[in-house]
Number of protein chains: 2
Amino acid sequence: MPEVVLEKLDEAECLRLIASGGIGRLVYAGRYDLTVLPVNYKFHDGAILFRTEHDSATDEDLRTGISHAEYRVAFEVDQFDVEAREGWSVLLQGPAHHLVAEEERSAAQAVGVEPWAGGPRDHFISITPARVTGRRIRRVPTAADSRS
Amino acid sequence: MPEVVLEKLDEAECLRLIASGGIGRLVYAGRYDLTVLPVNYKFHDGAILFRTEHDSATDEDLRTGISHAEYRVAFEVDQFDVEAREGWSVLLQGPAHHLVAEEERSAAQAVGVEPWAGGPRDHFISITPARVTGRRIRRVPTAADSRS
């Protein structure tokens with residue numbers, strides 16, 4: 001039986017794993033309690049970047065109602081190999097920043113993040129993480145395995 | 001270009017999609033803010049069932065400190081086809097119930113849910129959802145596609 005190794009990943013390794021973008025999960029405490037919303041994201045300039053529909057539930061839920069005060073959210077990315085029972089997960093925690101200024105918006109547009117759902121979804125949100133943590137689980141052959 | 005269809009899933013369809021078990025994501029507001037922890041789960045008797053280590057951070061975070069008062073959590077399961085840009089996600093919200101009574105624990109043991117991380121992890125937690133919601137995104141050929 002291979003031995004299970006559960007390791008904590010350092011921040012650099014976490015950021016390397018999520019750098020290629022793809023599907024991640026936005027987590028926030030919304031009007032319907034804890035909510036998880038998969039979104040297509042890019043990682044650019046140290047931040048998670050994704051798009052939602054303007055005035056969508058997500059957009060509204062992520063506003064504090066206080067100008068310039070930002071809403072704390074979490075963002076999770078993972079990858080698992082179900083057959084090998086191996087994989088990793090990365091958790092980013094930080095404020096959700098709404099891109100309102102025109103220069104911010106056009107810089108984000110240039111990154112080319114596409115929402116799968118299509119439609120206008122012209123509201124950009126970025127998360128610059130205050131805390132990045134990750135774990136990896138893998139299986140390594142034991143001495144007994146290599147003898148057999 | 002195929003047309004994007006974003007649909008809400010009813011509860012029966014959500015439960016059908018998650019019934020086979022596998023990897024899901026436990027979401028809770030822990031001591032380090034919003035936290036997401038992928039776990040291997042089974043769906044049994046209307047509830048999500050998984051195991052953690054006794055006295056682990058997860059176990060502690062999910063206790064309210066008030067006997068019999070349960071901690072509200074969310075549990076998310078999804079599946080995406082990155083090439084087709086299609087997929088679904090299901091969100092369950094409800095209290096995290098710690099299986100303490102011997103008969104509950106042996107019933108859970110019989111379900112055979114295995115934590116990937118191995119080790120003792122003999123603490124069972126179940127979530128009987130108070131609310132189940134889901135969404136699916138798919139692409140259907142338009143009339144123009146079928147003509148070409």
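In what order do the elements of chain A run from the N terminus on?

**View 1. The chain A fold, from end to end.** This is a predicted model, and in chain A the order from the N terminus on is β-α-β-β-β-α-β-β-α-β-β-α. That makes four helices and eight strands in chain A. Laid along its principal axes, the C-alpha trace of chain A spans about 65 × 35 × 25 Å.

**View 2. Inside chain A.** Here we look at how the chain packs against itself. Chain A has 148 residues, and 30% of them count as buried. Take the contacts in chain A with a separation of 6 or more: 73% of these come from residues 24 or more positions apart.

**View 3. Where chain A meets chain B.** Each side of the contact brings its own set of residues: 27 from chain A and 27 from chain B. On the chain A side, five strands each supply at least two residues, namely β1 (3-9), β2 (22-30), β3 (33-44), β5 (71-81) and β6 (86-98). Which element gives the most to the side of chain A that touches chain B? That would be β5(A), with six residues. Sorted by class, the side of chain A that touches chain B has 16 nonpolar residues, along with five polar and six charged ones.

View 4. For chain A the mean pLDDT is 89, with 96% of the residues at 70 or more. Within chain A, helix α1 (residues 11-18) has the highest confidence, at a mean of 98. At the other end of the scale is helix α4 (residues 143-147) of chain A, where confidence is lowest, at a mean of 63. Where pLDDT is low, the predicted coordinates should not be read in detail. As for the complex, the predictor gives an ipTM of 0.89 and a pTM of 0.90.

Technical notes:
Residues numbered from 1 in each chain as written. Chains lettered and ligands numbered in written order. Predicted model: local features only at pLDDT ≥ 70, side-chain atom pairs only at ≥ 80, totals over all residues. Contact = placed C-beta atoms within 7 Å. Nonpolar A, V, L, I, M, F, W, Y, C, P; charged D, E, K, R; others polar. Buried ≥ 20, exposed ≤ 12 C-beta atoms within 10 Å, placed from the backbone. pLDDT = per-residue confidence, 0-100.
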